[in-house]
Amino acid sequence: MKLGVQLYTLRDQMNADPAATLARVAEIGYKHVQMSGFSYDASEIKSHCDSLGLQIQLTHTPPERILNGTQAVIAEHNIMNCPYVGLGGMPGEYRCAGGAKQFIKDFTPAMQAFADAGLKFQYHNHSFEFQPFDGVTMFDDLINHSDPALLGFTLDTYWVQHGGLDVVQCIRNMRGRIDVCHLKDMTIADNQQRYAPVGHGNMNWPPILAAFEEIGTQFAFVEQDDCYGEEPLNELAKSFSFLK
């Protein structure tokens with residue numbers, strides 16, 4: 001797998017000074033980035049990344065833009081030479097029994113347009129998708145009722161574990177559906193689950209990473225939603241050091 005940063009971790013820094021922040025990302029050693037959680041101009045951000053040898057591989061794009069501005073989203077991804085259009089989470093109206101099937105129906109025209117343009121749509125999970133409705137989870141419906149050629153998954157390791165699943169088995173069950181993933185660790189502080197730099201929590205990384213490699217995952221993006229007062233770039237450096 002090729003290692004990158006989910007820039008949502010650095011959303012405040014990216015809004016304040018994208019050029020300097022991306023320079024620090026490159027200095028740590030990351031080569032690939034995901035756009036998420038901050039405002040940007042496609043041409044400008046591509047120029048910054050090009051100057052630093054960073055490649056944009058994935059976005060998290062608002063659902064309303066995916067549905068109502070599909071061609072504009074395609075144009076932006078073409079400008080950034082970014083192959084994956086990501087959705088960061090299920091819109092609230094679909095988080096119910098039968099909601100995943102309706103989501104697939106509503107979003108399929110956009111997914112098909114992305115495929116026709118040479119792009120691929122990626123769904124990013126949290127843990128709510130693993131709540132069962134009459135014995136079937138939303139995640140099951142997303143997998144079983146979608147076209148693998150149109151819908152891939154940015155599997156997030158933290159949220160799979162948070163949802164009570166075996167991370168390694170989940171990965172292996174999704175062979176061919178996970179081109180990209182999020183590496184996110186989980187630790188416990190004051191009896192609460194918390195995010196941690198990769199390798200600094202309680203998740204069993206050797207078999208997790210081996211499972212992603214086994215099924216052919218192409219890109220792994222380090223993400224830490226909250227750094228709890230620590231410097232986010234330093235936290236990302238810890239993750240990079242462990243993974244290296």
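Biologist: Which residue forms a salt bridge with Lys120?
Modeller: In this predicted model, Lys120 lies in strand β5, residues 120-124. Its partner sits in the loop between α9 and β9, so the pair ties together parts 59 residues apart in sequence. The closest N and O atoms are 3.7 Å apart, and the partner is Asp179.

Biologist: Are Lys120 and Asp179 buried or exposed?
Modeller: The cut-off for buried is under 20% relative accessible area. Both Lys120 and Asp179 are buried.

Biologist: What is the N to O distance in the salt bridge of Asp225 and Lys184?
Modeller: Asp225 is in the loop between β12 and α11, and Lys184 is in the loop between β9 and β10, 41 residues apart. Asp225 counts as buried at 16% relative accessibility, and Lys184 counts as buried at 0%. Their side chains meet at an N to O distance of 2.7 Å.

Biologist: Where do Lys238 and Glu235 lie?
Modeller: These two residues form a salt bridge, with the closest N and O atoms 3.0 Å apart. Lys238 is partly exposed, with a relative accessible area of 36%, whereas Glu235 is buried at 5%. They are 3 residues apart, about one turn, and both lie in helix α11.

Biologist: Which residues do salt bridges that share partners join into one network?
Modeller: The structure holds 9 salt bridges. Those that share partners join four residues into one network: Asp156, Lys184, Glu223 and Asp225.

Biologist: What is the radius of gyration of the protein?
Modeller: A compact globule of 244 residues would have a radius of gyration near 18 Å. The protein agrees with that, at 17 Å.

Notes
Residues are numbered from 1 along each chain as its sequence is written. This is a predicted model: local features need pLDDT of at least 70, side-chain atom pairs count only at pLDDT 80 or more; totals for chains, interfaces and linings use all residues. Side-chain values use heavy atoms; hydrogens and water are left out. The radius of gyration is taken over C-alpha atoms; the globule rule is 2.2 Å times the number of residues to the power 0.38. Helices (H or I, at least four residues) and strands (E, at least two) are DSSP runs, numbered from the N terminus. Buried means under 20% relative accessible area, exposed over 50%, partly exposed in between (1.4 Å probe, protein chains only).
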